[in-house]
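Please open the structure in your viewer and follow the stops below in order. Each stop names a selection and then describes what is found there.

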Amino acid sequence: MKHWLLSIITMAIIFTSCETINDDRIPPVAVNIEFANVGMWNTYGVAAAPDYRYFIKLELKPSGFPYTGLSYTGFGGVLLVSNIMNIPLAYDMACPYEAKSTVRIYIDREKLQAVCPQCGSRFDVYDNPGYPISGPAAEKKYGLQQYHVFGPNEFGGYTIRR
C-alpha cells in the first residue's frame with residue numbers, strides 16, 4: 001500500500017510540475033532547405049554531435065550552398081545541429097525573446113549551448129530541443145522554434161521544412 005501511495009504522489013508531482021514552453025513566438029516564415037543526396041549532406045549537413053551549421057539564404061551562408069528559388073531559411077536563418085544520438089535537429093536562429101530576424105543565436109562551442117548575443121539567453125539545442133536554460137527567455141519560458149528534418153531519402157539526402 002505504501003509503494004502504491006508513493007507512486008501516486010510521485011506521479012502527481014511530475015504532472016503538476018511540468019512547464020509549458022512557448023516555442024511559437026517567431027513569425028511563421030517558410031523553411032525549405034534541400035540536401036538532394038548523400039554527397040550534398042556530407043558537404044553541408046551535420047554528421048555527429050556537436051556538429052552545427054548556420055543557413056541564411058540572404059547572406060549566402062554557408063558559402064557555396066546551392067540555394068534555389070524554392071529555398072527558404074525561416075525568419076532569422078536556420079541552425080542545424082546533430083544531437084547526442086546523431087539525429088539532425090533544426091531551429092530558427094531568431095532569439096524568441098527578442099523576436100527580431102536580425103538578432104540571431106549562435107553556438108557557444110565551450111558550453112555547447114545556443115546563445116543570444118543581445119539578451120544573453122541560453123538554449124539547449126543538443127539534449128533538450130530548444131529549451132531555454134537561462135536569461136530572459138528562460139524566465140518567460142520562450143523556447144527556440146524547431147523545424148522538421150526529414151530523411152534520409154533514397155539518395156541519402158535530407159530536407160528541412162517548417
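Which residues form one aromatic cluster? Select F35, W41, Y44, F55, F65, Y67 and Y158: together they make up that cluster. Please bear in mind throughout that this is a predicted model.

**The sheet**

Next, display the strands. Seven of them build an open sheet with antiparallel pairing, in the order β2-β4-β5-β10-β11-β1-β3. At its edges are β2 (52-55) and β3 (72-73), each of which pairs on one side only.

Now select residues 31-37, which are strand β1, and residues 156-161, which are strand β11. These two strands run antiparallel to one another and are joined over five bridges. Within this pairing, F35 stands opposite Y158 in β11.

**The aromatic pairs**

Turn now to the rings. The count of aromatic pairs comes to nine. One of them is formed by F35 and F55, an edge-to-face pair with 5.7 Å centre to centre and 85° between the planes. Because F35 lies in strand β1 and F55 in strand β2, this pair ties together parts that are 20 residues apart in sequence. Are these two residues buried or exposed? F35 is buried, with a relative accessible area of 0%, and F55 is likewise buried, with a value of 0%.

**Charges over rings**

For the last stop, select R25 with Y142. The charged end of R25 sits over the ring of Y142, at 4.0 Å from the ring centre. Then select K57 with Y72, where the charged end of K57 sits over the tyrosine ring, 5.6 Å from its centre.

Technical notes
Residues are numbered from 1 along each chain as its sequence is written. This is a predicted model: local features need pLDDT of at least 70, side-chain atom pairs count only at pLDDT 80 or more; totals for chains, interfaces and linings use all residues. Side-chain values use heavy atoms; hydrogens and water are left out. Two strands pair if DSSP finds at least two bridges between them. Helices (H or I, at least four residues) and strands (E, at least two) are DSSP runs, numbered from the N terminus. Rings of Phe, Tyr and Trp (its six-membered ring) pair if their centres lie within 6.5 Å; planes under 30 degrees apart count as stacked, over 60 as edge-to-face and the rest as tilted. Buried means under 20% relative accessible area, exposed over 50%, partly exposed in between (1.4 Å probe, protein chains only). A charge sits over a ring if NZ of Lys or CZ of Arg is within 6 Å of the ring centre and within 35 degrees of the ring normal.
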